Amino acid sequence: MRRYIVRKLTTHRSSPRIYLDIRSLADAGFRPGQGYRRTLDVGRKSLTLTVEPDGPFVVSRKSRGTEHIPVIDINSSKDLCVFEGQEAVRVVIMEREIHI
């Protein structure tokens, strides 16, 4: 499974923000309550999210009717510094990994 999407890089409380809330996250293993890790690669200007049961971050959720949609909300200057000056980013959703 591989899916490509483009998301705007917005600002929330003076920090850059990427907000992902699509069903494809669950198909890739990022289900509500699941732990994950963020790995920043400054040289490649990328951020990789990897499913890890004991990861330091947790996938949130929001409800649409009776369905729960996974939500990943990254609002960190430290993690998103490599995207400074960009208006949008490409997000590649793969099995147990997300590349931004």
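Mentor: We take the labels one by one and set each value against its definition.

Mentor: First, the ground rules. This is a predicted model, where local features need pLDDT of at least 70, side-chain atom pairs count only at pLDDT 80 or more, and totals for chains, interfaces and linings use all residues. Residues are numbered from 1 along each chain as its sequence is written, and side-chain values use heavy atoms, with hydrogens and water left out.

Trainee: How many helices and strands does the protein have?

Mentor: Two helices and 10 strands. Helices are DSSP runs of H or I with at least four residues, strands are runs of E with at least two, and both are numbered from the N terminus. The order from the N terminus is β-β-β-α-β-β-β-β-β-α-β-β.

Trainee: Why is E67 called partly exposed?

Mentor: Its relative accessibility is 32%. Buried means under 20% relative accessible area, exposed over 50%, and partly exposed lies in between (1.4 Å probe, protein chains only). The value 32% falls in between, so E67 counts as partly exposed. Of the 100 residues, 39% count as buried.

Trainee: Where is E67 found, and which residues is E67 in contact with, leaving aside its neighbours within four places in sequence?

Mentor: E67 sits in strand 8, residues 67-74. Its contacts, with those neighbours set aside, are R23 and K62. Contact means heavy atoms within 4.5 Å.

Trainee: What makes F30 and Y36 an aromatic pair that is edge-to-face?

Mentor: A pair of aromatic rings is described by the distance of the centres and the angle of the planes. Rings of Phe, Tyr and Trp (its six-membered ring) pair if their centres lie within 6.5 Å; planes under 30 degrees apart are stacked, over 60 edge-to-face, and the rest tilted. The structure holds two aromatic pairs. For F30 and Y36 the centres are 6.2 Å apart, with 65° between the planes. The distance is within 6.5 Å and the angle is over 60, so the pair is edge-to-face.

Trainee: Are F30 and Y36 buried or exposed?

Mentor: Both are buried. With F57, they form one aromatic cluster.
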